[in-house]
Amino acid sequence: MSTALSLNEIRRRCAQVVADWLEEPGEERQQAQSFVRDLLFAFGIRKTKAALYERRARRASTGGQGYIDALLPGLCLIEMKSRGKDLDRAENQALDYIDDLPEAEQPRWVVTSDFARIRVLDLEGAPGENGVVEPVVFNLEDLPVNADHLAFLAGYQVRSFGNKDQEKASIKAAQLMGTLYEALEGSGYNDHEASVFLVRTLFSLYADDSGIWDRDLFFEFLDTRTNEDGSDLGPRLTQLYQVMNQPLERRHKNLDEQVAQFPYVNGGVFAEPLSIPSFDKEMRDLLLEACAFNWAGISPAIFGSLFQAVKSAETRRSLGEHYTTETNILKTINPLFMDELRDRFTQEFHNRSGLKRLRASLADIRVMDPACGCGNFLVVAYRELRALDLDILTRLQQLGDTSLIPTLFFDRKDLPVTLEHFYGLEIEEWPARIATTALHLVDHQANQRMELSLGKAPEPLPLQTLANIHVVNALRTDWRQVLAPSPHVRVVGNPPFAGARLMSSAQKKDVTDVWGPRSGDLDYVTCWFKKTAEFFEGVTGGRFAFVSTNSVTQGVPVTTLFDALFTDGWRIRFAHQTFAWTSEAAGMAHVHCVITGFDKGERAPATLYTYRSLDREPAAVPARHINGYLLDAPHVTITPRSQPLSRVLPACRFGSMPNDGGGNLVVEANDYAAVSADAVAAKYLRPFRMGRELLHNLNRWCLWMADDFDPVDLTRSAILRNRVAAVRESRLDSRREATRKLAGTPYLFGEIRQPSGPYVAIPAVVSSTRLFYTAAHLPQTVIAGNKLFTADDPDGFLFGIISSSMFITWQKSVGGRLKSDLNFSNTFVWNNLPLPDVPDRVRTQVIEAGTGVLAARERHPERSLADMYNPLAMDPALLKAHTVLDHAVDKAFGATRTLSSNTQRLSLLFKRYVELTT
């Protein structure tokens with residue numbers, strides 16, 4: 001029965017290699033192939049495509065033909081020389097051959113030997129001090145103690161987490177599986193059975209390369225037991241997969257010898273009966289091509305995300321562009337629980353009893369992802385906990401304590417962290433099946449690391465049966481039926497994003513069922529917060545952390561969501577402010593997200609992760625209290641107001657909305673000449689500005705007939721008549737009754753709110769990169785559209801307030817966002833701005849400083865506001881004017897000293913808000 005070799009068995013075999021070859025003369029021509037065969041056999045490689053001897057290849061440097069002594073495609077190239085020959089030259093020769101190999105065959109390791117010495121070069125290893133990767137060199141007699149340097153031959157591969165090579169390998173692997181899926185789909189295999197078949201094939205390909213069984217056992221079966229035309233591949237694979245589901249004692253005695261070599265797998269991977277698929281030569285060739293790839297190099301977390309996408313033709317085309325990175329997953333699980341555990345490991349580093357207590361505590365932890373998808377959060381959490389367990393055992397061994405390391409072998413009951421401690425809820429079968437498989441793969445990788453470090457680990461087969469991934473609607477399921485709540489449960493994940501206005505009818509019902517009549521403008525993702533709080537109800541303790549769209553920390557949702565959680569005793573343990581999250585969903589490569597982690601009844605310091613820009617690394621800042629806006633400030637409930645909270649501020653209104661069917665009352669630049677040439681229509685032509693026109697200094701006009709309209713003019717001007725008639729038709733075609741009523745006055749804007757005098761114009765949306773909110777003064781003759789807000793500002797005081805650092809700090813904190821852009825709101829931002837009564841002296845200073853900003857702008861009248869306020873290219877004179885303005889506005893808000901940061905301003909703003917609202 002073929003099973004992976006333990007390191008102890010490998011070392012025993014290596015000792016035999018030493019005994020057989022130590023005294024041999026070591027002639028390259030006569031003995032090289034025999035030596036390589038014996039060396040590979042020591043690591044469980046017998047024959048097969050794993051050892052392509054005398055592989056013909058072209059030397060890149062000379063163009064001449066040569067022969068590679070042995071090639072394990074995608075894994076290792078071996079070059080032999082006679083005893084005493086230069087291994088540097090041998091290695092250079094090997095590297096020369098690699099450039100001529102197809103990508104799928106290019107190896108990661110190069111092994112050279114002169115029979116007396118062995119040299120191992122990892123082409124993906126970390127560079128040394130000289131900037132190059134240094135090979136490992138040892139004498140033949142030292143092969144047994146250095147066997148771990150060649151353990152990759154037996155499927156043992158240790159890789160750094162989240163590195164680029166793993167990502168590249170995972171993308172390539174997913175592309176191969178996508179090609180196989182297309183072939184299955186084209187053959188008429190139904191969707192469910194194709195999914196099951198692919199998972200089984202994935203496991204077999206991975207087992208071939210990773211030491212779960214003898215290397216290339218699956219390849220040998222395909223190569224030697226199936227016809228080249230693929231006609232019998234379906235029945236043969238079906239039989240093989242059935243056999244791997246049967247314990248040895250239940251198998252037929254007359255099984256094909258090649259099939260009988262496969263071990264009993266269990267774990268549910270091969271349990272379900274399937275109909276027999278139909279294959280042809282092309283499909284068989286695709287499968288053999290997949291065998292040539294080194295599947296041991298994939299990351300289960302990354303690959304799982306990609307594998308989930310292969311069933312969609314659209315996402316197959318973009319495989320590798322969109323997946324959840326391990327770095328982003330670690331942003332969630334590390335501050336939730338892993339950082340704390342690693343800190344304990346550091347504190348107890350020299351204390352054997354403390355390390356043992358820490359290891360025992362790992363057995364209490366349970367991790368649940370209630371929207372697990374392909375299981376990448378569970379995979380990474382399992383991997384990190386197993387890695388910590390191994391660190392503890394290794395350190396105890398260094399301290400001379402081996403009491404927790406079994407004498408013979410590890411049984412799974414000896415491990416404090418097992419797959420049974422990880423739970424997932426997923427609404428679709430396909431990703432749930434991937435999640436189960438990915439957990440099996442990462443379990444095997446964790447065991448390999450243990451074998452390499454301690455020389456023993458649990459046997460890879462049979463697999464544990466994993467029944468904790470449930471295919472259910474998490475929002476209509478009682479989570480307590482899946483997992484009993486306790487203070488040791490950690491709930492994590494990346495629930496689905498769907499804004500309040502973008503949800504399906506089923507999703508809207510889910511939100512209503514979870515939140516009740518308070519659902520209002522809540523996003524779909526907030527349901528997981530509410531369900532988690534209900535899951536932990538009555539439990540002292542517990543923690544959870546979710547990735548969500550940043551909209552949950554802006555506007556209306558803040559009050560509903562965070563009031564409920566804070567009232568229930570939860571506090572924000574850590575939070576990542578808005579950043580760009582790389583998602584596995586196609587088309588969502590840069591969703592603007594936040595991460596919020598909660599605990600109950602704990603006193604550990606809170607941590608706020610802030611981002612200078614969306615795609616940079618965060619800075620970790622200690623926080624006394626993180627509120628629902630993800631700020632280090634008291635929690636306050638900010639709700640829409642119909643009137644300004646401050647007695648100093650006038651009303652701020654939307655501009656006028658044309659509601660003209662698109663371009664009938666609004667005149668674009670290419671129509672301006674014709675309209676202005678019509679003497680009748682020209683009487684009503686006015687400059688028109690939305691936010692875009694204001695910021696980019698663009699020209700637009702409108703037909704404004706609200707002041708002195710003469711109905712007879714419709715008969716005098718065809719342009720006027722046709723445009724007004726078009727407005728009437730578009731309004732009559734509307735589904736909204738209110739719009740249809742407006743058809744009675746088609747010459748008027750649908751909503752009219754034009755100021756009667758000069759006003760300050762505030763764009764509805766500006767870039768989040770701006771250091772200051774870019775407003776401007778306009779005369780009443782310029783019509784403000786509905787993407788501008790307007791307020792009367794006869795003396796310029798409002799302009800000064802809006803243009804200050806204090807105001808944009810408030811906007812960024814409590815205002816909404818359109819993607820990452822700042823979205824102004826009169827009811828949320830303006831009407832809640834906590835500006836106290838301002839002394840006349842300070843008011844005058846604000847007005848004068850605002851005038852200074854306008855004067856600085858006038859230095860470059862050719863520049864648009866967008867250009868002037870490019871944060872990378874602001875005129876020093878303009879920056880200086882804003883510094884003067886900030887000082888004046890800070891005093892208007894009651895600052896008694898110079899404020900040096902927007903964090904200080906924010907603290908003052910929330911203080912003033914509490915004062916004005918209590």
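These legends describe close-up views of aromatic rings in a predicted model. Residues are numbered from 1 along each chain as its sequence is written, and side-chain values use heavy atoms, without hydrogens and water. Local features need pLDDT of at least 70 and side-chain atom pairs count only at pLDDT 80 or more, while totals for chains, interfaces and linings use all residues.

**View 1. Phe293 and Trp295 form an aromatic pair.** Rings of Phe, Tyr and Trp (its six-membered ring) pair if their centres lie within 6.5 Å; planes under 30 degrees apart count as stacked, over 60 as edge-to-face and the rest as tilted. The count by this rule is 42 aromatic pairs. Phe293 and Trp295 are edge-to-face, at 5.3 Å centre to centre with 85° between the planes.

**View 2. Tyr773 and Phe807 form an edge-to-face pair.** The ring centres are 5.8 Å apart and the planes stand at 90°. Tyr773 lies in the loop between β21 (765-766) and β22 (776-778), and Phe807 lies 34 residues away in helix α26 (residues 805-814). Helices (H or I, at least four residues) and strands (E, at least two) are DSSP runs, numbered from the N terminus. Tyr773 is buried at 0%, and Phe807 is buried at 1%.

**View 3. Ring pairs link residues into a cluster.** Its members include Trp479, Phe529, Phe562 and Phe598.

Key: Buried means under 20% relative accessible area, exposed over 50%, partly exposed in between (1.4 Å probe, protein chains only).
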